[in-house]
Amino acid sequence: MIRVQSPANIAFLKYWGQRDAALTLPCNDSFSMNLSQCYTTVALVPDDDPSVQTLEITEYQKNSPRPATEDERARVVQFHQTVVQFLQISEDNHRGFRITSANSFPQKAGIASSASFFSAMAMAFARLYHADLDEQRLSRLARLSGSGSASRSVPDGFVWWQHGTGDEDSFATSIASPDFWDLRDIVVLVHDGEKKVSSTQGHHAAQTSPFFQQRIDTLLSRAAAMKQAFLDRDFEQFGMMVEQEMVQFHSIMMTQQPPLWYWTEETLRVIKHIHQLREDGLMAYVTLDAGAHLHVICQAADVEQLVQKVSAIAGVRGVIVNQPTIGTRVRDDRA
Ligand code: PMV
């Protein structure tokens with residue numbers, strides 16, 4: 001059996017919009033942190049019969065697996081096809097697989113469950129064919145799953161995905177190890193519903209926003225400034241940029257056609273609460289991806305106080321405290 005564990009990641013600088021959908025090539029660089037408590041574990045049992053292609057999923061807080069839906073299974077079968085092409089495995093040598101996957105967090109809610117799942121699958125499928133890919137190739141392969149952010153779950157810690165000039169050089173690398181900075185990401189769960197529009201669909205329409213081109217034009221200089229604030233460990237400067245980036249990213253989604261509104265009443269309530277806490281001197285910043293749940297970014301010293309305050313906000317259903325962590329690993333390699 002092949003067992004792989006891979007983290008979700010939270011993007012400080014967001015990936016939104018693709019310049020090549022077939023190759024999942026993004027319009028811009030993005031930057032993220034791997035999340036210690038939000039991860040997917042995948043167990044793959046190889047089968048000599050290539051027609052065996054099964055997937056079971058154990059959902060968040062459930063004890064037993066359910067069979068995957070036809071759509072979920074189809075994406076995995078399609079990704080397997082991508083992997084055999086990438087590894088140049090002839091059809092005679094294709095293998096079958098029985099997969100079970102489990103998440104430590106709610107899936108399809110804007111906490112990058114597809115990133116943790118497909119980065120884990122990239123490594124599991126590579127192992128199925130005894131391919132020991134280096135990190136760059138594994139990151140590229142994870143990107144080709146169609147969930148581009150999966151490329152950022154492969155390397156350790158704080159990860160930069162360069163948009164690159166094409167397939168070969170569009171991959172993610174670590175710019176700092178997990179212990180570089182004691183940041184915390186408090187995931188704030190505000191509702192249970194799965195999102196109705198997938199980020200894959202959303203990417204395709206990003207360029208219909210009248211503000212999209214302006215975002216791309218200014219992204220290079222904003223990315224450099226954010227990276228510098230990060231390397232300086234200047235929390236206020238960094239946090240401010242992370243929050244501005246989140247607002248800009250959601251403005252694109254809200255103004256694209258059809259518009260995507262992920263914010264709920266609770267989302268806005270938590271954002272305003274965090275702003276108030278900042279005015280009162282407690283430093284924390286908010287970001288969120290394509291979902292209603294929030295990520296409150298803070299420093300380790302403030303985490304307990306923030307968890308207490310955030311948990312008391314009406315509509316908050318739970319929190320998951322994350323620290324920076326390593327990337328995709330064969331499970332038994334982990335300490
Ligand atoms: O990787 P995808 O295709 O699921 O896109 C997700 C993109 C965001 O999560 C919305 C932003 C990001 O950079 O992670």
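Counting rings of Phe, Tyr and Trp (its six-membered ring) as paired when their centres lie within 6.5 Å, the tally here comes to 18 aromatic pairs. The model is a predicted one, in which local features need pLDDT of at least 70 and side-chain atom pairs count only at pLDDT 80 or more, while totals for chains, interfaces and linings use all residues. Residues are numbered from 1 along each chain as its sequence is written, and side-chain values use heavy atoms, with hydrogens and water left out.

One of these pairs joins Phe12 and Phe31, with 5.5 Å from centre to centre and 65° between the planes. Phe12 belongs to strand β1 (residues 2-13) and Phe31 to strand β4 (residues 30-47), so the pair ties together parts 19 residues apart in sequence. Helices (H or I, at least four residues) and strands (E, at least two) are DSSP runs, numbered from the N terminus.

Phe12 is buried, at a relative accessible area of 0%, and Phe31 is buried too, at 0%. Buried here means under 20% relative accessible area, with exposed being over 50% and partly exposed in between (1.4 Å probe, protein chains only). Phe31 also has Phe238 as a partner: the ring centres are 6.4 Å apart and the planes stand at 70°, so this pair is edge-to-face as well. Since Phe238 sits in helix α6 (residues 235-255) and Phe31 in strand β4, the link spans 207 residues of sequence.

Zooming out, Phe12, Phe31 and Phe238 are among the members of one aromatic cluster, along with Phe158, Trp160, Phe180, Trp181, Phe230, Phe235 and Tyr285. Two of its rings also carry a charge over them, meaning NZ of Lys or CZ of Arg within 6 Å of the ring centre and within 35 degrees of the ring normal. The charged end of Lys227 sits over Trp160, 4.7 Å from the ring centre, and Arg233 lies over the face of Phe180 at 4.0 Å.

Then there is the ligand. Its shell of residues (a heavy atom within 4 Å) splits into 5 nonpolar, 7 polar and 3 charged. Nonpolar covers Ala, Val, Leu, Ile, Met, Phe, Trp, Tyr, Cys and Pro, charged covers Asp, Glu, Lys and Arg, and polar takes the others, Gly among them. An oxygen atom of the ligand lies 2.7 Å from a side-chain N or O atom of Arg152.

Note on methods:
A polar contact is a pair of N or O atoms within 3.5 Å; within protein, one must be able to donate a hydrogen and the other to accept it, and residues adjacent in sequence count only if both atoms are side-chain atoms. Rings of Phe, Tyr and Trp (its six-membered ring) pair if their centres lie within 6.5 Å; planes under 30 degrees apart count as stacked, over 60 as edge-to-face and the rest as tilted.
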